[in-house]
Structure formats: structure tokens, C-alpha cells
Amino acid sequence: MNNTIYGYVRESENQSAETQTTAIQEYGVEDSCVFKDGLNDAEIPAYHLLLEKLRPGDTVVLKSLDRLGYTYDEMLTEWQRITKEHEASIVVLDMPLPETAGALNEQFLSELVYDVMSYVAQTRKDFKRQKQSEGIRAARARGVKFGSPSKKNPGEFRKVREEYEQGKLTVTSAAAQLNISRATFRKWVSEDRAQAAKSVENREEGL
């Protein structure tokens, strides 16, 4: 059984279907073997149909690598799907690497491309996390605070707290009276106690 060479076209705003089709046909792929997804094909039905037809030893020709996905993670996933699950080869016309089809070291080249994409994807993620971390540190140095602003306890908190500490109110009823969560009430009680202890400590140091 002869192996089949397929072409896959995924139209986008920066790559027309016509340009991709022409390049793939010039490579030698028959028009009947070219699968095309248009701009409005969000579910990429042609691509899934292509996967159903793929057999071990077949080849998929692409104009560029990003036809497999718009993120590195997507490209990695589909590269693995085609080369590992379907045991097919991939030819990327815009990629400055030897094509995998028909080469004795086909597996090596396929894994090399995958490793390169994995490295680039991880590097981009690490760089993004690093920039975010640096940005947060710089913002904190400027006095910028992150997260939701802390609630300030209202004037009636002291009265409710006294009743709570006298055993007249439970945490639940005390929080309900102040229209806050139990966690917030406990936090306010803890902060109030800490502030009171600090005030006593400051007075004693002043003696």
C-alpha cells in the first residue's frame, strides 16, 4: 500500500487559504488530498477529517508550523498527535530544517523539532513569569498594594466584640450583625487584640 501525502490549510488573517494551497500544490500534493479550514471553521472540521484518514507512513504538508495551532502548546500537542499517535511525517514548507518524510533519521528529526518547540514554549512561559514577578516587586517598591482592599471594621465592632468575648454572641451571630464573614470577624478580633497588646507594650516602655 502506497503512503499518501496530504496537505493541510488553515486560513487566518495573515495567511490566506490560496497562498497556502498554492505552496502545498507546488510541493506536489494533489488537490484532492488537501484539507482546508476557513476563517469561520472554529472547530477545524477539515483537520479532524484529515486525522481520521492518516495512516502510519503518511505525510502531512503544511505551509507553516502555526497551522497546527496558534500557541506553542497547541503546536506541540498536534505535532505529537501526528508523529506519535498516527505515526505520520510532517513537512513544514517554511521551516528551515530537513523534512522528516522519507529520511532514515526521521524519528530523530521529528523529536528534535518537538524538543526545540518544547524548549521555546517553556522559555516563553518562564520569561513571562519572571517579568510578572519583577513587575510585582517593582510595583510593591512604589507602594502599590495588590489584592482586594481590606475591610475596615465599623464603629459598632467594639460593642459586638465585647458581647462575643462575654459569650453573649457566637462568631456566626457576631459576623451576621456586622454583615461580614466569620473569617473577617475573627481577623478583626485578632487585629484588635494585637493592637491593644502593642499599645500596652508601648506604654510600659515609656515608663
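Does Asp192 count as buried or exposed, and at what relative accessibility? Asp192 counts as buried, at 8% relative accessibility. Here buried means under 20% relative accessible area, exposed over 50%, and partly exposed in between (1.4 Å probe, protein chains only).

The model is predicted, so local features need pLDDT of at least 70 and side-chain atom pairs count only at pLDDT 80 or more, while totals for chains, interfaces and linings use all residues.

Is Asp192 buried or exposed? Asp192 counts as buried, with a relative accessibility of 8%. Buried means under 20% relative accessible area, exposed over 50%, and partly exposed in between (1.4 Å probe, protein chains only).

This is a predicted model: local features need pLDDT of at least 70, side-chain atom pairs count only at pLDDT 80 or more, and totals for chains, interfaces and linings use all residues. Residues are numbered from 1 along each chain as its sequence is written, and side-chain values use heavy atoms, leaving out hydrogens and water.

**View 1. Asp192 and Arg158 form a salt bridge.** A salt bridge is a side-chain nitrogen of Lys or Arg within 4 Å of a carboxyl oxygen of Asp or Glu. The structure holds eight of them. In this one, the closest N and O atoms are 3.0 Å apart. The pair links distant parts of the chain, 34 residues apart: Asp192 is in helix 7 (residues 182-206) and Arg158 in helix 5 (residues 157-165). Helices (H or I, at least four residues) and strands (E, at least two) are DSSP runs, numbered from the N terminus. Arg158 is partly exposed, at 46% relative accessibility.

**View 2. Arg161 has salt bridges with Glu165 and with Asp192.** The closest N and O atoms are 3.0 Å apart for Arg161 and Glu165. These two residues are about one helical turn apart because they lie four residues apart in helix 5. Arg161 is buried, at 14%, while Glu165 is partly exposed, at 39%. For Asp192 and Arg161 the closest N and O atoms are 2.3 Å apart. Shared partners join Arg158, Arg161, Glu165, Asp192 and Arg193 into one network of salt bridges.

**View 3. The largest nonpolar core has 27 residues.** Such a core is a set of buried Ala, Val, Leu, Ile, Met, Phe, Trp, Tyr and Cys residues joined through side-chain atoms within 4.5 Å. Tyr8, Tyr47, Leu50, Leu54, Leu68 and Ile82 touch the most other members. Helix 2 gives the most to this core, with four residues. Beyond its neighbours within four places in sequence, Leu54 is in contact (heavy atoms within 4.5 Å) with Tyr6, Val60, Ile82, His86 and Ala88.

**View 4. Gln15 lies in the loop between strand 1 and helix 1 (17-27).** Gln15 counts as buried, at 15% relative accessibility. The side chains of Gln15 and Ser64 make a polar contact (2.7 Å). A polar contact is a pair of N or O atoms within 3.5 Å; within protein, one must be able to donate a hydrogen and the other to accept it, and residues adjacent in sequence count only if both atoms are side-chain atoms.
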